[in-house]
2 protein chains.
Amino acid sequence: MGYELAIGDRSYSSWSLRGWLVFAKAGVPVKTVSGRLYSDDFKRLLAEFAPARLAPALRLPSGLVIGETLAIAETIAERHPEAGLWPADPDARAMARWLASEMHAGFTALRSHCPMNLRVSYLDCAPTEAVLADLARIESLWSMAQTAHGAEGPWLFGKWSLADAFFAPVAARIAGYNLPVGAEAAAYVATWLADPEFRAWRAEGLSEGPDQPFYKRDWPTRPWPGDARGSVVNPS
Amino acid sequence: MGYELAIGDRSYSSWSLRGWLVFAKAGVPVKTVSGRLYSDDFKRLLAEFAPARLAPALRLPSGLVIGETLAIAETIAERHPEAGLWPADPDARAMARWLASEMHAGFTALRSHCPMNLRVSYLDCAPTEAVLADLARIESLWSMAQTAHGAEGPWLFGKWSLADAFFAPVAARIAGYNLPVGAEAAAYVATWLADPEFRAWRAEGLSEGPDQPFYKRDWPTRPWPGDARGSVVNPS
């Protein structure tokens, strides 16, 4: 038996995206089972992964279920060291863990004002002061990582790492809600919009049924920035 | 240069307690520098550990500062494998990371209704339904861990592990606010109340100056359950 990952709607479940990216970027096979949020289907799915109470939840090959994206990330990084999911440099790795952990518990203003929604992009979402303060903090963390360790590539620590997984939904929010950020952060968002795994996830989500009413906002919209649909993971 | 840990008031700063326990239980020397919460002294302390914005923050021997208790825990566990901070069994370790991570981001009702306060114990704190639901979830997680992996000792995974560090302030809340829990959870709380490191931390906190007004509640009090003051870390 391999890994089995329970996720919510790909268009809306930001933690599911993070958990799935761990496997997709590591090249570790995982059977993904999804249920639509706010439905009995989702309750059935979570019951199968009890006692986890949120998506994503992971069933290990041993049969053990574990919840929480940080635990999933550390577990897969440890079991698949060849994937290099954390930065190789010890100080970079400590910093990457800090960024992932601060995301895991923080930025609640941004998360509640701008829930991830990969189906629509707004021209203006009237961000509050608290949302702008969260964005400023995120930009300073990104800049710290890229200044210290980002020389080798477009990701936070040069090469893609688990810190990027934790900020993928933030990049999606900046794109989707047209949030005001500086040039460095905009370049990082563009890196995510062009990423094959992100685009494949987004495309799959667009086919998962009707929009969820919970996420509807009345702000003026614009076309999704970046490719309109998705990409195959390994384009030929 | 060794490790340097910035912490808030020992009586009140639950995350500082978690971070300090990582070192105390590992037997890894750390220079602890504290500042009183809600004071200019604390702002000065955090400025010295910028860009961290919360306590605890750790300065590594390299000079790098990292924030976030989960990142501190993983970093010290990785750099001091001889300390055995995570359970040795891979499935137990995955479960321990899940428990620590769920604590890190969750249980907000309990945390806001019953902020950690090691200076007083209340007879009754009128817990809300949300607080009781958080407690029930915590009891089910503790029971899951102890049933699966707790045969060898009184801690969540038998031997002490980082999962225990994350729940130490919860045990302190159950003791301090006299929260209703079952016999298994009460035994786990008693284990913490008798723990030499916990008692030493509490004793130090009692000498850190006047009570902080933010934590004052009008509920009826009782003597602190367990030893009235502390213990030396290595009692002779």
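Author: A salt bridge is a side-chain nitrogen of Lys or Arg within 4 Å of a carboxyl oxygen of Asp or Glu. By that rule, a search of the whole structure finds 36 salt bridges over all chains. The structure is a predicted model, in which local features need pLDDT of at least 70 and side-chain atom pairs count only at pLDDT 80 or more, while totals for chains, interfaces and linings use all residues. Residues are numbered from 1 along each chain as its sequence is written, chains are lettered from A and ligands numbered from 1 in the order in which they are written, and side-chain values use heavy atoms, with hydrogens and water left out.

Reader: What makes B:Glu102 and A:Arg53 a salt bridge?

Author: Their closest N and O atoms are 3.2 Å apart, and the limit is 4 Å, so the pair qualifies. B:Glu102 is in helix H4 of chain B and A:Arg53 is in the loop between H2 and S3 of chain A, so the pair joins two chains. Helices (H or I, at least four residues) and strands (E, at least two) are DSSP runs, numbered from the N terminus.

Reader: How many salt bridges lie between chain B and chain A, and what is the distance for A:Arg79 and B:Asp91?

Author: The count between the two chains is eight. For A:Arg79 and B:Asp91 the closest N and O atoms are 3.3 Å apart, and this pair too is a salt bridge.

Reader: How do you know what the extent of the interface is?

Author: Contact means heavy atoms within 4.5 Å, and the contact takes 30 residues from chain B and 30 residues from chain A. The buried area (the accessible area, with a 1.4 Å probe, that two parts lose on being put together, summed over both) is about 2700 Å², of which carbon and sulfur atoms give 54%. Across the interface, 19 residue pairs are in polar contact, both residues being at pLDDT 80 or more. A polar contact is a pair of N or O atoms within 3.5 Å; within protein, one must be able to donate a hydrogen and the other to accept it, and residues adjacent in sequence count only if both atoms are side-chain atoms.

Reader: What makes S2 and S4 of chain A edge strands?

Author: The open sheet of chain A has four strands in the order S2-S1-S3-S4, with mixed pairing. Strand S2 (30-34) and strand S4 (65-67) of chain A each pair on one side only.

Reader: How do you know that S3 and S4 of chain B pair?

Author: Three bridges join strand S3 (residues 57-59) of chain B to S4(B), and the strands run antiparallel. At least two are needed, so they pair. In S4(B), B:Ile66 is the bridge partner of B:Leu58.

Reader: At what angle does helix H2 of chain A run to S2(A)?

Author: Helix H2 (residues 40-48) of chain A runs at about 140° to S2(A), lying across S1, S2 and strand S3 (57-59) of chain A. Axes are lines fitted to C-alpha atoms, for helices over the stretch in contact, and angles run from 0 to 180 degrees between N-to-C directions.
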